[in-house]
Amino acid sequence: MTPRPRAGMDSNGAPADLAPVSPSTQIYLQVCRYIYMSPITVYCLTHASSLHLYLLCLSPPLESIYRVHSIMIPGSYMLCFQFVGCCLLLLLYSLRFRSSSPGHGPRSYPVIGCLVAFYENRRRLLDWYTEMLSASPTQTIVVDRLGARRTVVTANPVNVEHILKSNFGNYPKGKPFTDVLGDLLGKGIFNVDGETWYAQRKLVSHEFSARTLRELEVAVLEAEALDRLVPALEAAAELGGGAVDMQDVLRRFAFDVICRVSLGVDPGCLDPALPAPRLATAFDAAAGIIARRGAAPVSAVWKIKRALDIGSERRLREEVKVIHEAVMELIRSRKKERFLVNGARNDLLSRMIECGYDDEEIRDMVISFIMAGRDTTSSALTWFFWLLMRHRDVERDVLEEIASMRQQKGSSSSSNAGEGFDLDDYRRMRVLHAALSETMRLYPPVAWDSKHAAAADVLPDGTRVGRGDRVTYFQYGMGRMEAIWGSDAGDFSLDRWLTLPSDGTAGGVSPFKYPVFQGGPRTCLGREMAFAQMKFVACAVLRRFDLRPVDEGRTPVFLPLLTSHMDGGLKVTVRRRAVETTRHGAMRDTQLQLEKSIN
Ligand code: HEM
């Protein structure tokens with residue numbers, strides 16, 4: 001049953017008179033709502049305090065009342081009245097902070113909230129939030145700051161399950177999220193809620209489980225790895241251990257793969273003979289500007305820039321135009337081609353044309369896939385290679401697993417041809433799976449993800465959520481929470497995965513404890529595809545090349561953009577690995593022996 005609105009309120013709980021009044025009075029009423037007081041209380045208090053001057057500017061109809069009162073009240077009483085009113089207002093505002101922020105969170109003050117602490121920690125927000133969440137008995141904090149909506153941040157698996165699954169309907173992405181990404185993603189699956197999302201999800205999950213798409217993915221991976229990735233690293237090795245930015249190489253590789261799978265075209269990003277394709281640079285630029293929009297302390301700034309079509313917003317409009325035109329052109333030419341060759345392709349774009357979607361819907365859907373598949377796997381792999389360079393014992397275990405799988409398949413270990421594995425073989429690689437899962441626990445490609453409450457709610461740990469509040473589940477912090485992973489939460493340890501029941505995946509861990517791929521009805525659709533791709537690249541690179549960091553002493557910085565990055569990239573030297581596998585599958589790195597004999 002729909003609850004009846006209270007007297008004086010509309011069905012959303014907003015004052016019923018919000019619509020017909022002037023814009024300035026609307027702002028006045030919004031201020032009242034923001035500080036949870038009735039307009040009359042605020043009027044009485046502000047009338048008696050020095051703040052009334054500001055609010056009078058907002059609320060012209062009240063000015064006349066003020067004038068009448070001013071004439072009637074003598075000056076000395078007025079001053080006293082103002083002082084008491086000011087104190088009362090501050091007291092009530094502080095109480096609002098207390099009542100809305102039970103438990104833990106940054107130190108907050110009336111009006112500005114936690115602005116000071118936020119500013120002090122602005123360059124280490126992830127670690128700051130993680131520290132506060134660890135200190136909170138419920139692993140939940142409330143962040144209230146001038147210029148931003150009230151935000152509940154949680155690393156509590158029971159809360160995460162409530163948000164992502166049990167009360168899914170109350171936690172859509174919401175308008176503040178879709179506003180930020182809308183210019184690029186339009187109505188693609190990433191950026192819609194409700195019925196539109198459900199219809200796309202049904203279609204896309206069907207496509208993602210189709211055998212044809214999996215076959216296409218394996219074929220694309222083989223071609224991209226053997227024709228481009230391996231030759232690029234070989235060229236670096238030829239130069240006697242020349243330095244390569246692995247993050248850049250992996251991002252180019254992932255862009256080529258996702259374009260070939262979703263658009264059916266090869267941008268050739270990793271091909272040194274070709275210039276960087278315009279589509280790739282447009283995606284890079286647009287994603288960067290959108291990430292800055294999301295991180296802006298005050299969203300009004302980018303909205304004004306967009307309205308005026310200036311600066312970064314103008315650039316964004318131009319880059320999005322390039323992307324939209326390129327994809328639309330592809331759709332048109334694919335439709336013509338389909339007419340001529342009677343639809344023989346398996347890529348997602350062709351499949352959607354088959355389903356009869358209109359051009360703009362197809363455009364938005366494929367742009368969402370490219371965004372989803374572009375930087376996520378390359379981010380995870382960058383941190384994976386870095387961690388393996390720091391944990392040579394884990395690298396040895398991974399190499400051993402690859403060698404023994406190749407032996408089982410009858411591939412010669414020195415063969416440079418394809419990896420010789422199918423998707424089932426990759427699924428059986430437990431050590432590699434554990435190493436990738438452990439990497440993403442500490443360095444998740446999506447560092448945090450937010451929803452916006454459609455209605456007021458109370459989380460299972462007792463935290464109150466107001467209508468419109470931002471509710472963030474925090475993958476980065478969750479991966480480091482001792483309450484979830486034990487006292488060795490900060491260590492890179494495969495045991496926590498390898499001791500789980502062996503079901504061919506690193507299953508057994510609740511997605512709400514490890515929401516790296518999200519969980520519930522909106523769980524990532526590309527999880528399987530992503531693991532296949534990451535395992536493919538790990539096998540192709542590790543068994544052929546020995547990577548060493550250019551700067552051994554560096555601890556790279558984790559940058560939480562739309563998808564996380566390693567700040568400054570991952571510069572490595574590349575050497576060809578000559579591997580011998582003993583009868584028992586143990587690995588001996590003859591490269592090292594060779595180096596020793598030379599020295
Ligand atoms: C390591 C790699 C990946 C990680 C960690 C990852 C993680 C995630 C996360 C956290 C979400 C939820 C984001 C949100 O709702 O805002 C998501 C959604 C999604 N992912 Fe992935 N992803 C990965 C790779 C991929 C790949 C390769 C694809 C394939 C193109 C893909 C397709 C999708 C799609 C279509 C959604 C939207 C699902 C929906 O809203 O119903 N992902 N992913």
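Predicted model: local features only at pLDDT ≥ 70, side-chain atom pairs only at ≥ 80, totals over all residues.
Colleague: What counts as a helix or a strand?
Modeller: Both are DSSP runs, numbered from the N terminus: helices are H or I with at least four residues, strands are E with at least two.

Colleague: Start with the sheet that has S3. What is the strand order?
Modeller: The order is S3-S11-S8, an open sheet of three strands with antiparallel pairing. Two strands pair if DSSP finds at least two bridges between them.

Colleague: Which strands are at the edges?
Modeller: S3 and S8 are. Each has a single partner strand, so one side of each has no neighbour in the sheet. The twist averages 45 degrees from one strand to the next.

Colleague: How many bridges join S3 to S11?
Modeller: Three, between residues 243-245 of S3 and residues 571-576 of S11. Val244 is partnered with Val572, and Asp245 with Lys571.

Colleague: And how many from S8 to S11?
Modeller: Five, with S8 covering residues 545-549. Pro549 has Val572 in S11 as its bridge partner.

Colleague: Which helix packs on this sheet?
Modeller: H12 does, touching S3, S8 and S11. Its direction makes about 50 degrees with that of S3. Touching here is contact: C-beta atoms, placed from the backbone, lie within 7 Å.

Colleague: How does H11 sit against H12?
Modeller: The axes of H11 (residues 211-238) and H12 (residues 246-262) come within 10 Å and cross at roughly 150 degrees. That makes the two helices roughly antiparallel. The cut-offs are under 35 degrees for roughly parallel, over 145 for roughly antiparallel, 65 to 115 for roughly perpendicular, and oblique for the rest. Axes are lines fitted to C-alpha atoms, for helices over the stretch in contact, with angles from 0 to 180 degrees between N-to-C directions.

Colleague: Which residues meet there?
Modeller: On H11, they include Leu216, Val220 and Leu229; on H12, Val249, Phe253 and Arg260 are among them. By class, the contact has nine nonpolar, no polar and four charged residues. Nonpolar means Ala, Val, Leu, Ile, Met, Phe, Trp, Tyr, Cys and Pro; charged means Asp, Glu, Lys and Arg; the others, Gly among them, are polar.

Colleague: At what angle does H18 cross H21?
Modeller: At roughly 105 degrees, with axes coming within 9 Å. The two are therefore roughly perpendicular. Trp383 and Phe384 are among the H18 residues in the contact, and Leu436 and Met440 among those from H21. That contact has seven nonpolar, one polar and no charged residues.

Colleague: What about the four-stranded sheet, what is its order?
Modeller: S1-S2-S7-S4, open, with mixed pairing. S1 (140-143) and S4 (449-452) are the edge strands.

Technical notes. Residues numbered from 1 in each chain as written. Contact = placed C-beta atoms within 7 Å.
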